[in-house]
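Here are my notes for you, written as numbered points. Keep the structure open while you read, and look up each residue as it comes along.

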Amino acid sequence: MIPYGRQSIDQDDIDAVTKVLRGDWLTTGPTVTAFEEALQELSGATRCVSATSGTAALHIAYAAAGVSAGDEVVTTPMTFVATASCALALGARITFVDVEEDTANIDPAAVAAVATEDTKVIAGVDYAGHPIEVDSLLEVSRRIGALLLEDAAHSIGSTYRGRPVGSLADLTTFSFFPTKNMTTAEGGAVATLDPALGQRAHEFHFIGLVRDRDRMRYPDEGPWHQEVHEWGLNYRLPDVLAALGLSQLRRLGEFKARRAEVFARYQEGLAGVEGVRLPTRREHVDPIWHLYPMRVLDGRRREVFDALRADGVGVQVNYIPVYWHPLFEDLGYRRGMCPNAERFYSEEISLPMHAELTDSQVDQVIDAVRRAVGA
Ligand SMILES: *Cc1c(COP(=O)(O)O)cnc(C)c1O
C-alpha cells in the first residue's frame, strides 16, 4: 500500500537524535532553544514555543489568547477536530462558518457576517497547505478586537504574498506529526510576533511557572523560588525530539520542492479526467502541499475510495466536518450548517502526498485513479 502520508528520516536526523541522547539534556535544554530559534528564523515569527503536539499547540495558543468560559471562537469545520475542541476545553462557545468553495479554507465573508465584539478568536486552517486569506481575515479581526489564529498544521514552509506562514496571524500553530510536512514524531509549536502572547504561551506550556524575579509576589523567598500566577500544563517538547525537529527543518526546503513536483505530476496526469476535480492554488500563495485533495463528483466518492484502497493506494479523507463529531452533535450542532464544507467532505479523497514518493509511485496512483473512475 502506498501511504497517503509518511515521514522522511535520513542518517543526519538519526545522528542528531543520538547525539542528544548521549548528552546532558534530554529535556528543557539547549536543543529546545535552538529548535525554537530556527523555527523563528524560518517562520518570521519573533517568538516560537515548541510543544508536545499540534493539539497541545492549539490549546496553548487559545490559552495565550485568553480564551475562557463563554468567549466565542469562530472557526472552520474543514479541519481536524482539535482546532475546535481545544477552544472548547477552555470553555469557549464555538461558531462554525463555512469554507470557500475552491480552497476549502475559512470564508472571510462568512466570518465577517457572524463575528462580533464577543468574538475572542477567529481560527482558520491552511487546508492542504494553502494559506488562508490572512489580509481579509485580519481586517475583520482588527475591526472587532479579536485575535486571528492560523492553524498551520499543514503549512509550515508556505508563503502568502511572499511572507512566510508564522509571520501572518496573531498566533500560528504547527504540528510535527509524522504525516505532516516535517516531524518530531509527536510535536508542535506556537508562533507569534507579539512578545506578550509569546510569554503567555511559554508559561502555559511550562506549568505556569514564573521565574522572573521582577514579577514575583515574593521575590525574597530564596534562590530556589518560582511562582505560579495562572495555571498551566506541561506541554514541553523534549530535547531528544527537538533535535529531530532541528534536523528536519534543514530539510524542509527539499521536502517542499519534492511535494511541489508530486503535486505538478498529479495535476498533469489527472488533467481532463472526467468525474474528478483537481485542487487549485491562488496566485498570491506558494503552498507546501501537505495533502493532494482530489474531489470525486457524481456521488462516487465511496466507490472510488474503496477501489483505490483495493488497488494498493492508501488514500484518506480529510476531513469529516468537525460539527458532525458526536461531541459537537451532542452540544446541539446540526448537519446542514456549512453546505460548502459538507459538499467538499462528501467528494474529497486525499491521494498519497509526501516527500519520498517516487515518480513511478505517483504514476501508479494516477493510473489507479483513472481505472477507478473508469476514464
Ligand atoms: C494534525 C493536525 C492537528 C493536530 O496536530 P497533532 O500534532 O496531531 O496533535 C491540528 N490541526 C490540523 C489541521 C491538523 O492537521
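1. Let's start with a term: a salt bridge is a side-chain nitrogen of Lys or Arg within 4 Å of a carboxyl oxygen of Asp or Glu. Searching the whole structure turns up 23 salt bridges. Take Arg277 and Glu101, whose side chains meet in a salt bridge at 2.9 Å, N to O. Arg277 is in strand 13 (residues 276–277) and Glu101 is in the loop between strand 4 and helix 5 (108–114), so this pair ties together parts that lie 176 residues apart in sequence. Helices (H or I, at least four residues) and strands (E, at least two) are DSSP runs, numbered from the N terminus.

2. A word on the source: this is a predicted model, where local features need pLDDT of at least 70, side-chain atom pairs count only at pLDDT 80 or more, and totals for chains, interfaces and linings use all residues. Residues are numbered from 1 along each chain as its sequence is written, and side-chain values use heavy atoms, with hydrogens and water left out.

3. Now the overall layout. The protein splits into domain 1 (11–249) and domain 2 (252–373), with bounds that come from an automatic or database domain assignment. Over C-alpha atoms, the centres of domain 1 and domain 2 are 26 Å apart. In the contact (heavy atoms within 4.5 Å), domain 1 takes part with 39 residues and domain 2 with 37 residues.

4. How much area is buried between domain 1 and domain 2? About 3,400 Å², and carbon and sulfur atoms give 59% of that. Buried area here is the accessible area (1.4 Å probe) that two parts lose on being put together, summed over both.

5. On the side of domain 1 that touches domain 2, helix 4 gives the most, with three residues.

6. Next, aromatic rings. Rings of Phe, Tyr and Trp (its six-membered ring) pair if their centres lie within 6.5 Å; planes under 30 degrees apart count as stacked, over 60 as edge-to-face and the rest as tilted. The whole structure has 14 aromatic pairs. One of them is the tilted pair of Tyr266 and Tyr292, with 4.6 Å from centre to centre and 40 degrees between the planes. Tyr266 sits in helix 8 and Tyr292 in strand 15 (residues 292–296), 26 residues apart.

7. Finally, two backbone spots to check. Most residues other than glycine have a negative phi, and most peptide bonds are trans. Ala128 has a positive phi, near 70 degrees, and is placed in the loop between strand 5 (119–125) and helix 6 (134–144). The peptide bond from Asn318 to Tyr319 is cis, with omega near 0 degrees; Tyr319 is in the loop between strand 16 (313–314) and helix 10 (326–329).
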